[in-house]
Amino acid sequence: MSLTTALGIAQRSILSTSRQTSVVSQNISNVQNPDYSRRSAVLVSTAPGARTVEIQRATNVALFKNNLAALSSHAGQSTLLSGIENLTLHVNGVENGRSASTLIGKLQQALQSFGTTPSNENLGENVVEQARQLAKALNEGSAAIQQTRAQLDKDIKTSVASLNDLLGQFEQANKAVMHATQAGNDASDALDQRDALLKQISEIVPISTITRGNNDMVVTTASGVTLFEAVPRKVTFEPIPSYSATTSGNAIYVDGVPLVAGSGANTDAAGSLAAMLQMRDRVAPSMQAQLDEIARGLISSFAETDPTGAGSVPPLTGLFTWPGGPALPADGTVSPGLAGAIQVNPLIDSTAGGDVRLLRDGGMNGSGYVYNTSGGASFADLIYTYSEALDAPMTFDAAAGIGTEASVTDYAGSSISWLELARQQASEAAESKSSLLVRTSQALSNETGVNMDEEMARLLELEHAYQASARLIQAVDEMLSTLLEAVR
């Protein structure tokens, strides 16, 4: 071997080692980056030396797709759980302190105290105050539900805008991958960027990917609707500024196809958008319907009826009334928005100029409804009738989702149980899906992530290779110097 050949081998070795060292350094600098895939500088032996052929990027398509699915599932479940917890707090208060069930219990206690001493008008005023607090809680609960739906619309609008922006970024990243692949250049950085965008997109909507020639990628939703093919497909949504119990929210369209809302406490919603639709269009309306049915049950329980039992006068609203009063809401049917409209009858509300004695005696709807015809101060029959009515069975609308035959007291308790059960199941499912996400992320990281110990060991090997090449150059230099000395 000539000295020139030996020098060339050493130079190429140093260049290869330098390139490998650069790749290892890049790996080490990204050890904490979850969107980075490990690089390897692959060498092949060629006479009379070695050279870097290409940079290979660690990848595992199956694990990456599993991770995307876990991201979508976790995002959907977390969004639903957060929505249910928020609804629980605003409708029922901390530890259900403002729930209809709790306040009905307090109203019933006040009635029983008043029934014990019906001549004490202060006890009657306490009944009216408890009724006022109950009506207020139903009003505020109904308002909170509709405000929640309106806020969900705003959140959906923000997420849709974010999704469209991510799809625009994905187009640029996909072009960069294709151009690098076509030119035979290293596409690792562009591939990392594209994969990171896929992770962000999958948290909003569930996705499936197809890779074509030149690393071109097509992205669809899990149901097969195209999100990206050469160019992004438009995702559209029109929010509604304010909601009422009768308002239906607008759909989200992906390339003209409506996105389907999730269902169940252990939701099948993948991605935050489907879970927000589920909260807005299914969970919140069910809670609204239950409050409306509780309000209807209260109005019916305290209705004034014919004291003779002959039915010569129709039942009309009593302690509680509503804008459609004094007629009663239809039996066994949800009256949308009733919980937001129920109020204490001003005829017995002293703060509105009413007379609390009408609660004891009857007659809010005229003389035909008077029970205490003698005007006795100790008359308690009607008061006890109202208290017993709260525990009497009645028919509720099955559309509210918690049974059809119950007392208004039991129905209000069932409403709390329904929401708490949904919260518990959603919480357990969130923990399970979080664990799945951690496992898939860890498995993917083990395959494609950077191991600091391995990289440092590799760096040490490269240092030794560099030293060997340097010693070879030094030896060639000494030989050439000796040769030149001899020539002189």
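Q: How many salt bridges does the structure hold?
A: A salt bridge is a side-chain nitrogen of Lys or Arg within 4 Å of a carboxyl oxygen of Asp or Glu. The structure holds 21 salt bridges. This is a predicted model, in which local features need pLDDT of at least 70 and side-chain atom pairs count only at pLDDT 80 or more, while totals for chains, interfaces and linings use all residues. Residues are numbered from 1 along each chain as its sequence is written, and side-chain values use heavy atoms, with hydrogens and water left out.

Q: Which parts do Lys-199 and Asp-35 tie together?
A: Helices (H or I, at least four residues) and strands (E, at least two) are DSSP runs, numbered from the N terminus. The salt bridge between Lys-199 and Asp-35 has an N to O distance of 3.4 Å. Lys-199 lies in helix α5 (residues 188-204) and Asp-35 in the loop between α1 (3-29) and β1 (39-46), so the pair ties together parts 164 residues apart in sequence.

Q: Is Lys-199 buried or exposed?
A: Buried means under 20% relative accessible area, exposed over 50%, and partly exposed in between (1.4 Å probe, protein chains only). Lys-199 counts as buried because its relative accessibility is 15%. Asp-35, at 31%, is partly exposed.

Q: Where is Arg-280, and what lies by its side chain?
A: Arg-280 is in helix α6 (residues 272-301) and is buried, at 0% relative accessibility. A polar atom of its side chain lies 2.7 Å from the backbone oxygen of Asn-250.

Conventions. Polar contact = N/O pair within 3.5 Å; in protein donor to acceptor, adjacent residues only side chain to side chain.
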